Amino acid sequence: PSPTSATPIAVAPADFTTLYRIADGTLSPLTGPMTSSDYASVLATRHITRDGKPWSWTIPIVLPVTDAETPKAGDVVGLVRADDESPDAAPFGVLEVADVFSWDKPAFLLAVYGTDRVDHPGARLWTSDARSTLVGGTISLLPFADPREFAARVLGPAAVRSLLEKDSVANSVAFQTRNPLHRAHEYALVYGGECVLRESPGEKIGLFLNPLVGELKGDDVPAATRMKTYAHLVDDGILGEGDMDAELWAAAGQTLSKQAYLAGLDMRMFYGGPAEAVMHAIYRQNLGFSHFIVGRKHADAPFDDGTPIWGDFDAQEIFGTLGGDLRIKTVNVGFAAFFEELGKVGLVAENKGKTPVNISGTKMREILDGGDIPDTRVMREATARELVAYYKSKK
């Protein structure tokens with residue numbers, strides 16, 4: 001459809017990405033930013049309803065507008081990129097407006113984050129935005145070619161499902177991350193995959209490193225660097241090296257290094273803890289994965305004073321109290337570390353009394369920033385070298 005409103009909506013980069021995830025099915029069954037009825041349902045009941053059936057949903061997908069941009073219900077509005085400063089910026093799509101409604105941010109923040117405090121990264125995503133009106137409706141978008149160097153490894157639902165079918169993968173286990181991986185983080189994917197493999201040793205498994213490569217906090221390592229570190233783990237066959245249960249893989253007649261995949265997901269972070277853990281599972285369900293790993297403190301970002309917003313297990317326990325249906329199976333994984341007595345990485349809960357090898361986040365940054373390679377029992381050398389190069393480039 002052609003625009004009927006003269007004033008287009010300038011879409012911020014994070015919202016631009018989100019609209020394309022609606023378009024490619026990652027945010028199915030949405031067909032556009034939420035109307036007030038879906039928005040209110042998510043905040044009050046943590047579900048949306050389609051064909052009379054409740055589906056789990058924990059964070060509203062919204063599109064804010066300025067007063068000058070605010071359309072009327074029934075308008076067809078052009079969508080332009082807010083970061084396109086050319087005077088004749090062409091629309092990348094249109095929104096058929098079904099609803100225009102006010103944005104009660106305090107109520108939104110309380111429902112999503114579980115606190116009325118705003119001194120944390122999640123709240124600042126919204127409090128830093130002066131807009132207070134939301135629009136909902138149906139979008140139609142032009143194709144978008146991702147210009148980033150790693151674009152070929154960013155996969156939507158059609159590409160993931162095609163890959164699973166091509167490789168005859170019966171059980172696909174997805175692991176969410178927004179950070180370069182320590183071996184303890186990497187082990188969460190390995191351990192989670194092995195849990196599934198033990199249950200179904202006769203079915204081919206695929207382990208998917210599925211990092212978010214959308215908008216993150218300013219102090220997060222950028223996606224281009226992170227994707228280089230992930231590529232080493234997968235392409236060089238390093239994932240799980242020395243830490244996997246080699247006997248399990250051999251007995252099942254399967255090979256981890258040949259069944260590990262890297263598939264980026266171009267979606268923003270909400271830094272929303274338990275609520276975002278559910279959204280992460282929804283994305284992976286729509287991508288076509290059968291299993292999703294949920295770690296302790298999943299999608300965690302504490303208050304600015306360092307105190308936690310959520311409990312250690314809240315992101316895992318929320319899946320027992322969902323407001324609607326969720327078909328993907330979750331695999332809970334606890335904290336891990338390299339233990340001297342084991343000579344490899346294991347779960348903390350299963351190795352009480354043993355000696356863990358740890359490096360604090362602050363100390364790790366100091367080591368990498370100084371151009372040194374940290375203890376390889378904590379971080380793979382290939383990962384560290386990419387990070388050393390990144391920090392050197394920032395000086």
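Me: Where is W57 found?
Reply: This is a predicted model. Strand 3 covers 53-56 and strand 4 covers 64-65. W57 is found in the loop between strand 3 and strand 4.

Me: Does W57 count as buried or exposed?
Reply: The relative accessibility of W57 is 1%. A residue is called buried under 20% and exposed over 50%. At 1%, therefore, W57 counts as buried.

Me: Which backbone oxygen lies 3.0 Å from a polar atom of the side chain of W57?
Reply: The side chain of W57 supplies one polar atom of this pair, and the other atom is a backbone oxygen. The backbone oxygen at 3.0 Å belongs to I59.

Me: How many Å apart in space are W57 and P180, C-alpha to C-alpha?
Reply: In sequence, W57 and P180 are 123 residues apart. In space, their C-alpha to C-alpha distance is 28 Å.

Me: Where is the place of H280, and is H280 buried or exposed?
Reply: H280 belongs to helix 9, which runs over residues 273-287. Its relative accessible area is 0%, and buried means under 20%.

Me: With which side chain does the side chain of H280 make a polar contact?
Reply: H280 touches Q176, L212, M269, F292, H298 and A299, leaving out residues up to four places away in sequence. The polar contact of the H280 side chain has a distance of 2.9 Å. The partner is the side chain of H298.

Me: In what order do the five strands of the open sheet stand, and which stand at the edges?
Reply: The pairing in this open sheet of five strands is parallel, and the order is 10-9-8-11-12. Strand 10 (260-262) and strand 12 (329-333) each have a single partner strand, so one side of each is left without a neighbour in the sheet. The twist averages 30° from one strand to the next. The strands at the edges are strand 10 and strand 12.

Me: What is the bridge partner of G295 in strand 12?
Reply: Strand 11 (residues 291-295) pairs with strand 12 in the parallel sense over five bridges. The partner of G295 in strand 12 is V333.

Me: How many bridges join strand 6 and strand 7?
Reply: Strand 6 (residues 93-102) also pairs with strand 5 (residues 76-81), in the antiparallel sense over four bridges, and there L79 stands opposite G93. Strand 7 (residues 133-141) pairs with strand 6 in the antiparallel sense too. In strand 7, G136 is the bridge partner of D99. The number of bridges between strand 6 and strand 7 is nine.

Me: What is the radius of gyration of the chain?
Reply: The chain has 12 helices and 15 strands. For 395 residues the globule rule gives 21 Å, and the value for the chain is close to this, so the chain is as compact as a globular protein of that length. The radius of gyration is 22 Å.

Me: What share of the residues of the chain count as buried?
Reply: The accessible surface of the chain comes to about 17000 Å². Of the 395 residues, the share that count as buried is 53%.

Notes
Residues are numbered from 1 along each chain as its sequence is written. This is a predicted model: local features need pLDDT of at least 70, side-chain atom pairs count only at pLDDT 80 or more; totals for chains, interfaces and linings use all residues. Side-chain values use heavy atoms; hydrogens and water are left out. Two strands pair if DSSP finds at least two bridges between them. Helices (H or I, at least four residues) and strands (E, at least two) are DSSP runs, numbered from the N terminus. Axes are lines fitted to C-alpha atoms, for helices over the stretch in contact, and angles run from 0 to 180 degrees between N-to-C directions. Buried means under 20% relative accessible area, exposed over 50%, partly exposed in between (1.4 Å probe, protein chains only). A polar contact is a pair of N or O atoms within 3.5 Å; within protein, one must be able to donate a hydrogen and the other to accept it, and residues adjacent in sequence count only if both atoms are side-chain atoms. Contact means heavy atoms within 4.5 Å. The radius of gyration is taken over C-alpha atoms; the globule rule is 2.2 Å times the number of residues to the power 0.38. Accessible areas come from the Shrake-Rupley method with a 1.4 Å probe; for residues, only the protein chains shown count as cover.
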